[in-house]
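Hi there,

Here is the structure I promised to pass on. Have a look at it first, and then read my notes below.

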Amino acid sequence: MEKTMLLTIVVPDGKETAVRCDAVRFQIPDGAKNKPTGGSVGIHPGHMDALMSVDAGEVTASLAGKPVLHCSVDAGLAMVQKDTVTILTDRIRDIQ
């Protein structure tokens, strides 16, 4: 079995949405290397620990190339630790 990670999206009322996946993609507002805006970032199992700003937009998680979660979130923070990704946001919507 391939290595997976746990994606958890948490909102202020304490509700969580969690899935096991092997890839997560979301938007970041920060520009890199003189880019005027951020863009999309992808996280896979084994990613180094990180703390990132999350821009309002889509979050997609997949397992073996098939989507297991697709939703929209407000801006927030993402924490990557070992094989977990936690997104803290004010609102999650359009969960598929």
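Is Met79 buried, partly exposed or exposed? Met79 counts as partly exposed, because its relative accessibility is 32%. Before you go further, please keep in mind that this is a predicted model.

Met79 sits in strand S8, which covers residues 76-81. On the surface, Met79 belongs to a nonpolar patch with Leu51, Leu77 and Leu88. Together, these four residues have about 340 Å² of accessible area.

How many disulfides does a search of the whole structure find? The answer is 0. As a reminder, a disulfide is a covalent bond that joins the sulfur atoms of two cysteines. The cut-off used for a disulfide is a pair of sulfur atoms within 2.5 Å. Cys21 is classed as buried, since its relative accessibility is 0%. Cys71 is also at 0% relative accessibility, so Cys71 counts as buried.

Next, some strand pairing. Strand S6 (residues 57-63) runs antiparallel to strand S7 (residues 66-73), and 7 bridges link the pair. Within this pairing, Gly57 is opposite Val73 of S7. The hairpin made by S6 and S7 has 2 residues between the strands, and Ala64 in that hairpin adopts a positive phi near 55°.

S7 has another antiparallel partner in strand S10 (residues 92-93), with 2 bridges between them. Here Val73 turns up again: its bridge partner in S10 is Ile92.

Finally, a look at Thr8, which is part of strand S1 (residues 5-10). Is Thr8 buried or exposed? Thr8 is buried, because its relative accessible area is 10% and the cut-off for buried is under 20%. Leaving aside residues up to four places away in sequence, Thr8 touches Glu16, Thr17 and Ala18, as well as Val85, Thr86 and Ile87.

Happy browsing, and do write back with any questions.

Best wishes

Conventions:
Residues numbered from 1 in each chain as written. Predicted model: local features only at pLDDT ≥ 70, side-chain atom pairs only at ≥ 80, totals over all residues. Heavy atoms only, no water. Helix = DSSP H or I, 4+ residues; strand = E, 2+ residues; numbered from the N terminus. Buried < 20%, exposed > 50% of the residue type's maximum accessible area, 1.4 Å probe, protein only. Contact = heavy atoms within 4.5 Å. Patch = residues over 30% accessible without salt bridge, like charges linked within 9 Å, V, L, I, M, F, W, Y side chains within 5 Å. Areas by Shrake-Rupley, 256 points an atom, 1.4 Å probe, with all protein chains shown as cover. Salt bridge = Lys/Arg side-chain N within 4 Å of Asp/Glu carboxyl O. Pairing = 2+ DSSP bridges.
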